Amino acid sequence: MSLVSMTASVEPAEVTPAPSNASVARGGPGRLLRPALGLLLPVAVAVAWELAVRHGLASGRLVPPPSVIVHTFADLARTGELELHASATLSRVIAGFAFGVVAGTVFGAITGYSALMNRLVDPTLQALRAIPSIAWVPLFILWFGIFEASKIILIAVGVFFPVYLGVMGAVMSVDRKIVEVGRAFRLSGIAMVRRILLPAVMPAYVISLRAGMGLGWMFVVAAEFMGASTGLGFLLIDGQQLGKPAQIVAAIVAFAILGKATDWLIVLLSAPFLRWEDRFGRT
Amino acid sequence: MLVLDRVGKTYPNGVHALDGISLTVAPGEILVVIGGSGSGKSTMLRAISGLDTPSQGRVVLDGMTITAPHEQIGIIFQEPRLLPWLRVADNVGFGLEQCPTAERNARVARALERVGLTDKARVWPRELSGGQAQRVAILRALVPRPQVLLLDEPFSALDAFTRADLQDHLLDLWADSKPTLIVVTHDVEEAIVLADRIMVMRPHPGRVHEEITCDLPRPRDRQSAAFDFVKRRVLAALDRSLERAVITDDRETKAAAGGGLWW
């Protein structure tokens, strides 16, 4: 909030006895202004770069100006290339995410629930987690070939760990007092999971899904670097090899849009289950 | 009829929390258990509830030995322990899963109306005050109509005014279906407001020290001379119960019994 709008809103609040009026008056422009403020810096930089290239102060060959990027993006979209590569990447991420989430949830729930299984399985998984996942690439190519299987498995590995850790931690930290309420009402097995444990771990689970999705997008690039003829990662490599920086940036923008969209989708789908949360962030 | 037959509890680390208590509680009776810390009040209550199993003796309700939580026994804890993801009405109806929806809704609505919380039915637990939340917790335990209701220091986290209010609510609700109430408290006035019988316990190991019958007519006037007389008796008994107690580190016992679950 800028200094100007701060003083503008504080003063009438002190004069008028009804503070609700003052906050309503501030809500209107303030709500629009806040995201706009965040855009100020990138837009200024983009405009400055655009002008610099237009006026011949810079060549813009390696760092294409915004107009060229927009143009390239539109070109890729028009020829259908963007759709082809984006959908190839998206389907890999979704497949890898699905496998990773299922495995992470199952293992996380088991090791979180049973102390014995935790002692048995968790050390191994933690050791595997310590391996930089990109280190698996050569092995996965030997094992699963250079086509879809090795890519999806690599993405699944990336998604697995945050989900596994999140679910295990969430199950382990379910409030014992709440579990006892379940016991007092004679819940056990499936009923205990459905009525107590599942809702209790939901907030942490959603966060781990979002973290997993983030890593999924990270790993799809690595997967597509290891040899692909489609995908946004291929567009990156292709742009590098053929000296088309605008194509690289366009692919990066596509990643940003898709990554943000999938994250937003998770938030949107989980929102109805988390309405009860007493969150700091809710104002 | 609830019968405790030489119920004792020694925790795995060797702490002897409860030493062979035998006790009979009549249907509809209100028994208040009072005593210093470490006198095994909560241990006894948890054994009756079936949440913990006694290491000696047994708890018998109408001829059935209680070894696990039972549908005829409800329990209310010091904190409300409402399920934060369920709205107030769903919390109240939590124990009525098997009930047809229409009947469940009717019983929940009636219960909420009974304690003046009808307008809070669709609200999340976090939006309730401490007293309101504890009222909801009482309803949640009472709505399945248990024969025995256990209360483990149910009002000790509340301010004095709210506490008195909830004691009245509890007696009101009790009068509806007359379940057996066993209330653990360390508040002498609360004991006398509620009790038909007050059981004073003594610590290390926990055992019954003295029983005081309390037959003042209800509703009880906290200012009356008769009330004061009983209060003096209970205070004197409490004094005596603690006199010969061996003073050991009480925190150790609590940690042994599972930290936060034990008071």
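**Close-up views of the predicted model**

**View 1. Pairing of strands S9 and S10 in chain B.** B:Ile198 has B:Ile212 as its bridge partner in S10(B). The structure shown is a predicted model. Strand S9 of chain B covers residues 197-202 and is joined to S10(B) by six bridges. The two strands run antiparallel. Strands of a sheet pair through backbone hydrogen bonds, in either a parallel or an antiparallel manner.

**View 2. The six-stranded sheet of chain B.** The strands follow the order S6-S7-S8-S3-S9-S10 in an open sheet with mixed pairing. At the edges stand S6 (73-76) and S10 (207-213) of chain B. Each of these has a single partner strand, so one side of each is left without a neighbour in the sheet. From one strand to the next, the twist averages 20°.

**View 3. The contact between chains A and B.** Chain A contributes 12 residues to the contact, and chain B contributes 15 residues. On the side of chain A that touches chain B, helix H8 of chain A (residues 176-184) supplies the largest share, seven residues. By residue class, that side of chain A has six nonpolar and six charged residues, and no polar ones.

**View 4. Confidence along chain A.** The average pLDDT of chain A is 85, and 87% of the residues score at least 70. Over residues 1-25 of chain A, pLDDT stays under 50. For this stretch of chain A, the model has 11 contacts beyond four places in sequence.

Technical notes. Residues numbered from 1 in each chain as written. Chains lettered and ligands numbered in written order. Predicted model: local features only at pLDDT ≥ 70, side-chain atom pairs only at ≥ 80, totals over all residues. Contact = placed C-beta atoms within 7 Å. Helix = DSSP H or I, 4+ residues; strand = E, 2+ residues; numbered from the N terminus. Nonpolar A, V, L, I, M, F, W, Y, C, P; charged D, E, K, R; others polar. Pairing = 2+ DSSP bridges. Axes fitted to C-alpha atoms, helices over the stretch in contact; angles between N-to-C directions. pLDDT = per-residue confidence, 0-100.
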